[in-house]
Amino acid sequence: MQARTTIIGGTIAAVILLPLLLLFAAGVTAGGRTDTADGKLAGRTDNVAGVVAEPGIFNIELGDLFVKPGNIEVEPGQVVKLNVVNNGSVRHDLKLEGETGTDMLDPGESGTIEIGPFDGPALMWCTIPGHKQAGMVLEIAVKGVAADNGHNGHAAAEGVDNAAKIDPQATPAADWKPFDAALKPAPGGTEHKITMSAGETVLEVAPGVTQEMWTFNGQVPGPILRARVGDIITLTLRNDGKMGHSMDFHASKVAWNDEMRTINPGEELVYQFEAKHSGIFMYHCGTAPALHHIGNGMFGAIIVDPPNLPAVDKEFVFVQSEFYLGPEGEPGDLTKMQNDAWDIVVFNGYHNQYTHAPIRVEAHERIRVWVLDAGPSENSSFHIVGTIFDTMYKEGAYWLQPDETHGGAQALDLQPAQGGFVEFTFDEEGLYPFLTHKFSNAGKGAMGIFQAGDVEFTGGGH
Ligand SMILES: [Cu+2]
């Protein structure tokens, strides 16, 4: 009987959780666009989602992340009524050409709108960023009017590359400040109260190129946190943005449906955990499509020091990520994210950041560099030209420490959401480039320079 109970429990859990998990992963699938056949079928057989008997009235269901039916056909010149219900677990709306339509609907909420008349095809979509690209689109066709006459604008827009462009020769403005890679020791005490603000912030990602990044505390990466094994972290996350956001600390062991839940604009949650394991851990927003939120900058690192971590002269942290540029000043492109088509790869959120602002150290200093690969989808092979790592720590374990074998490591290899550190010295004064040794990415902005000693730096290293 015990076994049977367990199986039933598991089945129930699967039934409840599967839709939620699909939502969590929705960013990596082609999206939930309901096809024509499904829409028509729903219209004939289903009074919840589809066409009801009365002419000009349509029942439309919004879900995570779909609109059902995905298309309707209206009479020419007809004003139609849409009864829209949000059956999803996060907020959605449905607006004609993204402008007029329903209010933002909470889960379970519904609204009725009148739109039209139409003389040609039109599109409605959910205006929560990323949801349209994930498939939350309602296509409106007009009887007797060809669907493919260009009024639509949809297919045309997809074919145009209006993404912001990187100029590899450009240099930052005089008032530009690099992300400070220097790492401070963990703060004293064993309890750390942290407040973070989730939101959207237009940031420069390369000289003269800005994107609307989705951020923790308005920066990419988010704040670098540091603690010791056994410390208690209490985060208050406030959503100051215009869409739902959430937090997922990889350094924590907590229930996904509680601490990691999405909060709406204006809401707060408290996320408390004990740092039970050491390492450098990613944190990120997990709100659907998580790919879009991470790919658009909502990540950071928390370092939990291994016990007895030796003192060094200098410590730095680099968070590697890829960006998928949208139009200037707008969010990153979810379709590119789904296709692994990144435009730039960066350390600490800025194209070639530390070639523009080399990191000053001294020869013979012992240096520790922590590296996190935040992805969302690309690996890192962290290498420094001109030195060898005598210590390498990756994903909670030492891979290499100095001993009589004189072992040396040349690259710290990381997959997305993995991290570690390396230790080394520079034996001569001079310049030491660092990069991901996946060279195509080094050429896309994942490069920087250590300047050891008082040497002249003329810039660029070309
Ligand atoms: Cu988010």
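Author: Gly407 is in contact with Phe389, Asp390 and Leu400, leaving aside its neighbours within four places in sequence. Contact means heavy atoms within 4.5 Å. This is a predicted model: local features need pLDDT of at least 70, side-chain atom pairs count only at pLDDT 80 or more, and totals for chains, interfaces and linings use all residues. Residues are numbered from 1 along each chain as its sequence is written, and side-chain values use heavy atoms, with hydrogens and water left out.

Gly407 sits in the loop between E25 and strand E26 (412–414). Helices (H or I, at least four residues) and strands (E, at least two) are DSSP runs, numbered from the N terminus. With a relative accessible area of 30%, Gly407 is partly exposed. Buried means under 20%, exposed over 50%, and partly exposed in between (1.4 Å probe, protein chains only). Phe389 is 18 residues from Gly407 along the chain, and their C-alpha atoms are separated by 8.8 Å.

Now to strand E24 (residues 391–394). Thr391 and Tyr393 point one way from E24, while Met392 and Lys394 point the other way; all are buried. Two strands pair if DSSP finds at least two bridges between them. Three bridges join E24 to strand E25 (residues 397–400), and the two run antiparallel. In E25, Tyr398 stands opposite Tyr393. Two residues lie between the strands of this hairpin, where Glu395 takes a positive phi near 50°. E24 also pairs with strand E27 (residues 418–424), in the antiparallel sense, over four bridges. There, Val422 in E27 stands opposite Met392.

Next, a helix. Thr355 has its place in helix H6 (residues 353–356). Thr355 is buried, with a relative accessible area of 12%. A polar atom of its side chain lies 2.7 Å from the backbone oxygen of Asn352. Not counting residues up to four places away in sequence, Thr355 touches Met447, Gly448, Ile449 and Phe457.

Then the metal site. The protein donors of the copper ion are His245 (ND1), Cys285 (SG), His293 (ND1) and Met298 (SD), at 2.0 to 2.5 Å from it. Donors are N, O and S atoms within 2.8 Å of the metal (3.2 Å for Na, K and Ca); water is not among the atoms, so sites may look incomplete. Why is the arrangement around the copper ion irregular? The four donor atoms subtend angles of 84 to 132°, which makes it so. Four donors count as tetrahedral if all angles lie between 85 and 135 degrees; four count as square planar and six as octahedral if opposite donors are over 155 degrees apart and all others between 65 and 115; anything else is irregular.

In sequence, the donor residues of the copper ion are spaced H-x39-C-x7-H-x4-M. His245 and Cys285 link distant parts of the chain, 40 residues apart. His245 lies in the loop between strand E14 (232–239) and strand E15 (248–249). Cys285 lies in the loop between strand E17 (279–284) and helix H4 (290–295). Both His245 and Cys285 are buried.

E17 and E15 also belong to an open sheet of four strands, with the order E13-E18-E17-E15 and mixed pairing. Strand E13 (225–228) and E15 are the edge strands, each pairing on one side only. Six bridges join E17 to strand E18 (residues 299–305), and these run antiparallel. Tyr283 has Gly300 as its bridge partner in E18.

Terms used: Polar contact = N/O pair within 3.5 Å; in protein donor to acceptor, adjacent residues only side chain to side chain.
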